[in-house]
Every structure is written in C-alpha cells, then in structure tokens.
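Subject: Structure handover

Hello,

Please find the structure below.

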Amino acid sequence: MMRPMKLAGSELMFGEGCLEYIKTSVHCRKAFIVIGGRAVERNGSLARVEEYFHDGGARTFVFRGVEPDPHFSTVRRGAQSMLEEEPDLICALGGGSVMDAAKTMWVMYEHPELEELDQILHTKPLPKLRSKARFMCVPTTSGTASEVSRSVVITDDDEGRKHGLGDMEMMPDIAICDPDVTRSMPPHVTAETGMDALTHALEALVSNRANYVSDILATAAALDIVRWLPRAYRDGDDMRAREMMSDASMTAGLAFTNVSLGIDHSMAQTIGGYFPIAHGRICAILLPYTIEWNSRDKWARGRYEGLAAKMGVDDLAQAVRDLNASLGIPSTVQDAGIDETTYRGSLRQMAEDSLRDGCTKTNPVIPTVHEFAEILERAYYGV
C-alpha cells in the first residue's frame, strides 16, 4: 500500500546558532518546557531557551524530572501540570526520553479523556491535536530524532515494559536542531545516541517500505554518521562534528519515521524492557547480528553491499563491529554486563515480544520466534 510521506512538521531549523529562532519566530503566550535531569540547567541551555521565549514576550513554566525510559506515571503528572498551566506551546528540551514523554503528555493535555496508557496505545488513529497547543522539540542529543518522528516509547509502571506508538499526528510542529545544545554530551552518550542514529538509517535502508526519497535520506545519514561520529566522540568541542551528527541524526529520523524500522529495534526495545541498558547501546550491539540475519534476503544483502562500497569497506557488519569498538561499545550482550542466567531464562519471552513489536513487520525478512531466539542468543555470546 502506498503511504504519504511527511518530512518533519511545519518548521525545521538546523545549524549552529539556530536556537535563536525561538526569539524571532516562535510566537506563543505561554511555553511549557519539559526537561529531564539538571544537565540542561548546568550547561545553560534551559536558561537560553527561557530567555529567548521571554524576549519574544512569552511566559514559561518548567516541568522537571523526566527519567530515562519515561514511565507513564511521569507522563500523567506532566499532563496534569499542563492542564493546570494551560500553555499554548509545549517545548521538549532534552533527549529522546524527554521528547517522547512530552509528546505523550501533549496527547493527554489535548484529550483528557485518554487517562490510561492502554487507551492511548489502542486509540487508532489518534484524535486531532493542536486545539490547545503546538509542539516543539529542541534535541540535546544526536540520535533518537524524536524531533522529526511520529513515534514515542513509554514504559508502563506495572511491569516495566516499553510500549511504542506511532502516529503522524504526533509529528512535532517545530524542530530546532542546534548542535551547540549537544556540546556537553559526555563521550559515552555521544557514542550510544550516534549508533542509534546509524541503526535508524540502516534499518530504513532495508525496510520493506523503503522508497526513492527514504533511500537518499538513509544513505546520506549513514555515510555521515560513520565519518563524523568518531570525531564527535573523541572531541565533544569539535563543532563541525557535532553539527554533522545533529544533521545526520535528524536526516535518519526523516527516513525511518516514514518507512519504519526493523528487528534491531524490535529486539532492542524488548531487551530494554527486561534489563537496564541504554537504548542506543543495545541497538549498536545488535546491529552487526541484525545485518547478518537480514543478508539472507538477496535484496537486503544487495543494499548493504552497495552502502559498504560507498563507505569503502567490504563487509558492513564488520565495519559496524569496528566502529563499535572504536566507540567503547561492547561486541556482545554478555560483555554489556547482562546476567546470563536471567537472560537465558527470558529468551523465549523476549523472542515472542520481539515478533509482536511493530518494527518487525517492516523488516525485509521476518524471523520466527525460534529464529528470534537464535539471534538473541548469538548476540549474547557473539557466536
């Protein structure tokens, strides 16, 4: 079935210094700013964002405390604050967790009748948004691309499981990708979020919904990430590398939000619901094994080989392994510190959950539950 593409919202800004766009062009009465921890306060990003809003005549309210892998209880608390503050603009200032949480808060603010996570997940399509507020993202990492994505991942409070939802209605209206905001990312976060972006690009490239436009976006993003991520990792003050990673992450996001992802994300999101591991880290570890599995499909193998040729390498999976090693990312799930007994005991259930994940249906070849378990086991031991 043909699907319409949507390349970001109404306003997409990128490049060093573009944060000032808030002052000159983002008009609102009251901005509700969602943040995670104190990093954006310590590095001055929050102060700058608030200053630009104030210079433009807007009032601001800051909601703090979005945790990594945000829980629905946090989303509910934020939505309640929105109902009390009545903003006409919501601004997510943070990484993927902050942006995903803020998007879901926005849905509940616009539609208070959606009180539970299960209601939101099973309301398809989502009801129209923007009757109360527009939505803006200022990403502080270069990886998730939630600023140009229709998707969110939220963790339920009862079982600690991650749940994904995608709907074009949640595409942010405004995305401001200023690499200066990412300057303070520590090296391990730079590496992990950057590898998440590479995974987005490579999965979009072999998605069974891939098309002419998504191919251009995914290929360009992958080539730039492989080139610039090691530089950003080695020197966080290298603003050329920071800017290229910010742009490449956003470009990979434009690709995958239109053609979806694949089993790397299915397995990564599943493992992340069972074990405390950063999303980008587990995506990176799984990526070579995913490439090797997908290469049994002739079409996918040809696409990987074509990209490898552009990169000047013979084996894309090995190139990813080498890149991971240069970024301090382990080569196996076991080396990431996940307990063997617990992992093996969860293997069958994780395989079943991965098969059910929405990203699986756009993978070029769909594993069975048994085959998912084999991939998960191979990624654990590296055999």
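**S295 and its surroundings**

S295 touches R301 and Y304, leaving aside residues up to four places away in sequence. Contact here means heavy atoms within 4.5 Å. S295 sits in the loop between α11 (279–294) and α12 (298–311). Helices (H or I, at least four residues) and strands (E, at least two) are DSSP runs, numbered from the N terminus. A polar atom of the S295 side chain lies 2.7 Å from the backbone oxygen of I291.

**Ground rules**

This is a predicted model: local features need pLDDT of at least 70, side-chain atom pairs count only at pLDDT 80 or more, and totals for chains, interfaces and linings use all residues. Residues are numbered from 1 along each chain as its sequence is written, and side-chain values use heavy atoms, with hydrogens and water left out.

**Two domains**

The domain assignment gives domain 1 (11–181) and domain 2 (187–381). Such bounds come from an automatic or database domain assignment. The C-alpha centres of the two domains lie 25 Å apart.

The UniProt annotation "domain: Fe-containing alcohol dehydrogenase-like C-terminal" covers residues 190–380. Residues 190–380 are 74% helix and 0% strand, with the end C-alpha atoms 24 Å apart. UniProt positions are given in the numbering used here, feature names are shortened, and annotations may be inferred rather than shown by experiment.

**Where the domains meet**

In domain 1, 22 residues are in contact with 25 residues of domain 2. Domain 1 and domain 2 bury about 2000 Å² between them, 55% of it on carbon and sulfur atoms. Buried area is the accessible area (1.4 Å probe) that two parts lose on being put together, summed over both. S142, K162 and P179 supply 27% of the area that domain 1 buries against domain 2, more than any other three residues.

What about charges? One salt bridge is counted between domain 1 and domain 2. A salt bridge is a side-chain nitrogen of Lys or Arg within 4 Å of a carboxyl oxygen of Asp or Glu. The side chains of R161 and D353 form a salt bridge (3.4 Å, N to O).

Best wishes

Notes: A polar contact is a pair of N or O atoms within 3.5 Å; within protein, one must be able to donate a hydrogen and the other to accept it, and residues adjacent in sequence count only if both atoms are side-chain atoms.
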